[in-house]
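Welcome! Take a moment with the sequence and the model below, and then we can walk through them together.

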Amino acid sequence: MVILETMSLQRKLEILSDAAKYDVACTSSGVDRKGNSLGMGNSVACGICHTFSADGRCISLLKVLYTNECIFDCKYCANRASNDIVRASFTPEELSELTMEFYRRNYIEGLFLSSGILISPNHTMELIIETVRRLRQLHHFNGYIHCKAIPGADPALIELLGWYTDRMSINLELPTAESLKQLAPHKNRKNILKPIRQVQIGKKLFTDYKGVTPYSDRPVMQAVNVLTDTAGLPDLTGMTDSVGMAISNGISDGRPEPIAASVNDNSYKDNDIKDIIRTGSSLAPYHNRPATKRSFVPAGQSTQMIVGATDESDYQIMAVAEALYRNFDLKRVFYSAFMNVNQDPRLPSTEDGPPLLREHRLYQADWLIRFYGFTINELLDERRQNFNLLLDPKCDWALSHLDRFPVEINRADYHTLLRVPGIGTISAQRIITARKSAALDFEDLKRLGVVLKRAVYFITCKGRMMYPVKLDEDFISRQLLAVKERLPFGIEKDLTYKQLSIFDDANFKLANHDLVGGFLITGS
Amino acid sequence: MKNKRIYLCDNSIDGIFTAIYLAWSSRYGHSNIKIEEKYEGSKFANIELFAEYIVVDTDYNLSKKVADSIKKKISEEAYEMVCRVALSYYEGKADLIYRFLILAFAVGPTITERLSNEIVNRMFRLDRNVGREAHHLLGFIRFSQHADGLLISVIRPKNDVLTLVTPHFADRLSQEKFIIYDENRKLASIHIPGRQWILAQLPKLEQEKLDEIWGIDDEYSNLWKIFFKSIAIKERTNPKLQRNNLPLRYRSYMTEFKI
């Protein structure tokens, strides 16, 4: 290991941003906050992208690790203890000043701070907290802060961090407990889920608390105090009975329930999640609220999973994601195509590039679950474990449910419209607005910006289809395959390579270049 | 048949509103009237035969009357839409706004829902185009630091979005002195802490002067370039996606793309 006594800030930034680049989330969304007369900064709910890096990803936040020194040895991670790389750490002073100066020049929306584990989880958390404390209290920074909580840190520290940040995230890393054990032997799934649950409960208890009433006076807090007095402070096992109920009842407040209620919890065989939801141990509030007029993790929390390092199916991954959305109120689950950064022979090779198309399909399905009212069991099941790489999940679903189509544009309700391939939330909203004043025709749809090349097989306007179309699965799927899907640039080439492979197998190797030809696409 | 009457107005919200007021109250018949906004350089270049040209001097009292009645008789939403479209670079926006208002005063507040109507649709698209550029610039604007902590930024937007982006920065950087200079319009917004920000018309600046103003390198601009480079994942390099998200035209005044 190389240890440099003095290192320039430039070098540190280079090392610690390079080490943070695989972290997916770089969003600055979720809070609207005006500037104040004292400090600097505000926040915009829709988020602002400040630039786009050479890989085309949005840069919104100063995304760095506090340190890349780490006592853990997770096999997929470039900063694992067993790697011989240059190690560096910021100081809270350096990092807070850097953030302020970047922010003034409008380079960034705020800070996204993650970290390797230096000495111990608690020690690392304290350094992170000191950095954000300086930002908030010394520099009066009022912009966006996203922090990773360190699994295994003291819950009191987790809570304290929550008062300074806008968004907190704890990475699930891998979908199942087994793969976590296999690849990240120092991490423990319950230790990851517990702080997620803690932030969820905290957010519920402290919601809309703006520093006016001492929070111990608030009714819900008194309930907690009673509980904690009898049960001992950190242990809140009885919580599910009273406060826990209040929490779970209230949790759907404030935002529309995006998930259809038809899924029963038994479909998830995820015992960790069940256990964590049931027990509330170590999740009590710790009364160490700092003197800032801020609310608790106002932009909510997110998490991230690595895709393709272990052999979970898309179904397993999405079932976990859905369970997280349902049970932990996560704002986002991010999927990160696995890259074998350590060239570790025990892990899948990514010489042909990371599985970007698979990642893309997972994000599409994620959207369907969050905004389109789908459940994962509608998209995949025990028999069909992986997404069709050739067709997006919604097309795929529609093809196997042709009995529900075509739908009439001028009458179908919002949720029915959303299920039409090619019609997204914006198009559906526009259709509903525009049809109030006039019955819509295909020309009108075009003018509204509805893309018809896919939708045309599934809709009627004033009772007529655009062309006479036979509602036949083979016919339509041939037509749909002939429509070139607009994939994020750079993924297209994957698709052509993969055309010859078996539809549902996400784990196959890329076929050789001489196989490009695609006899599957016969239509058009 | 009456001769066509063309009202030639200043390229500003007030100019367009004044022309609309005059055109409307002339009772000459909407179909015989056209409103054109004036552009620098292209003055009278496309002059029409057999048309009567009327040059409109902007009158803020008349303009306010139009604004008030849009807010009262149509809706606040329609008013905002019209204002944003008036900032668009689209030539012919004055006449479009005129046609939109004729329709809107007849239909009422639901006009903004009539997306399948061609005029409303056109308005909607221009409105979105202006809004998008303004939103992009909230992120893409770069300040460089000058003596005494003064922050200066240069932009070159297609639409006249300075008035849409400045409030965001006045709120965010309330304790800072800053200037945002729109090179295309030679217009600058100036903010001094504790005061209302102002717009100022500036004389044309030479390119050298401009480079000097925006391109000052300091420790932090260098750190930013380092960060920008090292945060990209090499294996996922994707210039097409990058260009799609961040069109080249924005890059000329962005620190990280400066060589």
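Chain B exposes about 13,000 Å², and 52% of that surface is supplied by carbon and sulfur atoms. Please keep in mind throughout that this is a predicted model. Chain B has 259 residues, of which 48% count as buried. Its secondary structure is made up of ten helices and eight strands.

## Where the two chains meet

Let us turn to the interface. The size of an interface is often given as the accessible area lost when the parts come together. Here, chain A and chain B bury about 5,300 Å² between them, and carbon and sulfur atoms carry 57% of that area. On the chain A side 64 residues take part, in contact with 56 residues of chain B.

Polar links are part of the picture too. Between chain A and chain B there are 28 residue pairs in polar contact, both residues being at pLDDT 80 or more. Which elements of chain A each supply at least two residues of the side that touches chain B? They are the helices α1 (9-18), α2 (92-104), α11 (356-371), α15 (425-434) and α16 (442-447), together with the strands β1 (51-52) and β3 (61-65). The largest share, six residues, comes from α1(A). Sorted by class, this side of chain A has 29 nonpolar, 17 polar and 18 charged residues.

## Salt bridges within and between chains

Side chains of opposite charge can pair when their charged atoms come close. Over all chains, a search of the whole structure finds 42 salt bridges. The count between chain A and chain B is five.

| Salt bridge | N to O distance | Burial |
|---|---|---|
| A:Arg104 and B:Glu176 | 2.8 Å | A:Arg104 and B:Glu176 buried |
| A:Asp166 and A:Arg294 | 3.3 Å | A:Asp166 and A:Arg294 buried |
| A:Asp366 and A:Arg370 | 2.9 Å | A:Asp366 and A:Arg370 buried |

Begin with the salt bridge between A:Arg104 and B:Glu176, whose closest N and O atoms are 2.8 Å apart. This pair crosses between chains: A:Arg104 sits in helix α2 of chain A, while B:Glu176 is in the loop between α6 (162-172) and β6 (178-182) of chain B.

The side chains of A:Asp166 and A:Arg294 also meet in a salt bridge. A:Asp166 lies in the loop between α4 (155-164) and β6 (167-169) of chain A, and A:Arg294 in the loop between α9 (271-278) and β7 (301-307) of chain A, so the pair ties together parts that are 128 residues apart in sequence.

Elsewhere, salt bridges that share partners join A:Glu101, A:Arg104, A:Arg105, B:Glu176 and B:Asp218 into one network.

Now for a closer look at some individual positions.

Is A:Asn68 buried or exposed? A:Asn68 has a relative accessible area of 2%, so it counts as buried, the cut-off being under 20%. A:Asn68 lies in the loop between β3 and α2 of chain A. A polar atom of the A:Asn68 side chain lies 2.7 Å from the backbone nitrogen of A:Ala88. Neighbours within four places in sequence aside, A:Asn68 is in contact with several residues, including A:Ile15, A:Leu16, A:Asn79 and A:Arg87.

A:Gly424 is found in the loop between α14 (414-418) and α15 of chain A. With a relative accessible area of 18%, A:Gly424 is buried. Not counting residues up to four places away in sequence, A:Gly424 touches A:Tyr372 and A:Leu418. The C-alpha atoms of A:Gly424 and A:Leu368 are separated by 9.8 Å, although these residues are 56 residues apart along the chain.

A:Ala319 has its place in helix α10 (residues 314-328) of chain A. A:Ala319 is buried as well, with a relative accessible area of 15%. From A:Ala319 to A:Thr375 the distance is 9.0 Å, C-alpha to C-alpha, and the two are 56 residues apart in sequence.

Conventions
Residues are numbered from 1 along each chain as its sequence is written. Chains are lettered from A and ligands numbered from 1 in the order in which they are written. This is a predicted model: local features need pLDDT of at least 70, side-chain atom pairs count only at pLDDT 80 or more; totals for chains, interfaces and linings use all residues. Side-chain values use heavy atoms; hydrogens and water are left out. Helices (H or I, at least four residues) and strands (E, at least two) are DSSP runs, numbered from the N terminus. Buried means under 20% relative accessible area, exposed over 50%, partly exposed in between (1.4 Å probe, protein chains only). Accessible areas come from the Shrake-Rupley method with a 1.4 Å probe; for residues, only the protein chains shown count as cover. Contact means heavy atoms within 4.5 Å. Buried area is the accessible area (1.4 Å probe) that two parts lose on being put together, summed over both. A salt bridge is a side-chain nitrogen of Lys or Arg within 4 Å of a carboxyl oxygen of Asp or Glu. A polar contact is a pair of N or O atoms within 3.5 Å; within protein, one must be able to donate a hydrogen and the other to accept it, and residues adjacent in sequence count only if both atoms are side-chain atoms. Ala, Val, Leu, Ile, Met, Phe, Trp, Tyr, Cys and Pro count as nonpolar, Asp, Glu, Lys and Arg as charged, and the others, Gly among them, as polar.
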